[in-house]
Amino acid sequence: MKYLEEEDCKFLIIMDSFDCYQAPLDWENAPVINDNYTQAHPDVLIVNIIRGTVLRGARIWILGRRAAVSQIPSRLIDVVTEIQGFSDEMKDDYLTKRFCDAQQAADIVAHYKRLPTLQILARQPFVCWMVATVFERCYRYQGYGVHPPRLTPFYVSILIVQTNRRLQFYYGKADNDLKWSSDDMHLLTKLGKMAFKMLERNISVFCEEDLKEYGLKLTEVTVFSGMCTELPTAASDGRRMYCFIHFTFQEFIAALYVFTMFRSESKNVLDSGVLHMPKFFTPKDHTKSAVGLVQCALDRTLSSPLGHYDMFLRFLCGLLSPDCHDNQLSGYLFRHKAPKVGGLDEVQRLLEHMILTAEEKYKDRVGNLKECLREMTQEDE
């Protein structure tokens, strides 16, 4: 196409999904190519196109995750644009235009607004997309959407969708071949452990050195997983910093780690050695029981004056619901026909007791405790 070299020829090159290109790009040492005819490896061609030495007249538009595109030297970039979020009007407009069925769109808009937390989270376009994806499936069943949706099943859906998209998008898996391998499960466990340790330290950002501490790879976590993103500004020492796609997602992944350790390995990683159970529980209700696990979580939650364990507790109670751990996550994170978690009646008694007690001591926590109880006991419609 020799006309591309003509001075008055204007054209655009779009590099979509830049994060899909997994080969390393050597910005400093790749050979310089000054024409459009020299044959070279795609790695070298991409570097030279962005340098502007190949296809010199091109305008280049690159799309991808921040952690992937930020590897391009800043001297080669003219403009950076990032989607910051939807306004309330944009959220409703997106969800309304997403569906051909006007009644279905109206039902979904009304339903997600029944849960204020979800309404706030939907400011992120990705969460708004998940609202449409998850509730479109739910509304295929008649009568769905009378009660406020539970948050935990929604976050479990995000986890499953993102993990499956990772397998399809980056590893070429077919729709009928999305079984999670042991490596996929270990990735989630390691990521969950890091999220939990960050929650204990009351921090929400991490760097590459932190990932190495948990045996995690930078690209796998920050680009492929779809659960983390890079922060716009580096640390004061110049290090690139990362965080989860939302702080509540860090709390969810942390709760999933704690629950997985409890269900799969019979470990209570919250156990501090001292358990303050209400008097009406028997000695058998030790730390390795479901009620003991929740009591340990309650101790942390109620002793945290700023409430930074509130959502963690809510997600942990939600994961105890058979609908989450025995239905949604069955065949993914847990094997089919694995025993359900027992002792949920005791957990319900504990939460009901704590709600009554909190009316006197922790009035500002009553609302969250009621949500914890609802997350565990409400049956999906």
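The points below cover a helix, a cavity and some salt bridges.

1. This is a predicted model, in which local features need pLDDT of at least 70 and side-chain atom pairs count only at pLDDT 80 or more, while totals for chains, interfaces and linings use all residues. Residues are numbered from 1 along each chain as its sequence is written, and side-chain values use heavy atoms, with hydrogens and water left out.

2. Of its 21 residues, 17 are buried, so α7 is largely enclosed by the rest of the structure (buried means under 20% relative accessible area, exposed over 50%, partly exposed in between, with a 1.4 Å probe and protein chains only). Just after α7, Gly172 has a positive phi of about 65 degrees.

3. Tyr155 and Ile158 are among the residues lining the largest cavity (a cavity is a set of points on a 1 Å grid over the protein atoms alone where a 1.4 Å probe fits but cannot get out; lining residues have an atom within 4 Å of a point). Helices α6 (125-138), α7 and α11 (247-265) each give two or more residues to this lining.

4. Glu371 and Arg314 form a salt bridge, with their closest N and O atoms 3.3 Å apart (a side-chain nitrogen of Lys or Arg within 4 Å of a carboxyl oxygen of Asp or Glu). The pair links helix α16 (residues 366-377) to helix α13 (residues 310-320), 57 residues apart. Arg314 is buried, at 5% relative accessible area, whereas Glu371 is partly exposed at 22%. Salt bridges with shared partners join Arg314, Glu371, Arg374 and Glu375 into one network.

Definitions and conventions: Helix = DSSP H or I, 4+ residues; strand = E, 2+ residues; numbered from the N terminus. 1 Å grid on protein atoms, 1.4 Å probe; cavity = no way out; pocket = protein on both sides within 12 Å on 5 of 7 lines; lining within 4 Å.
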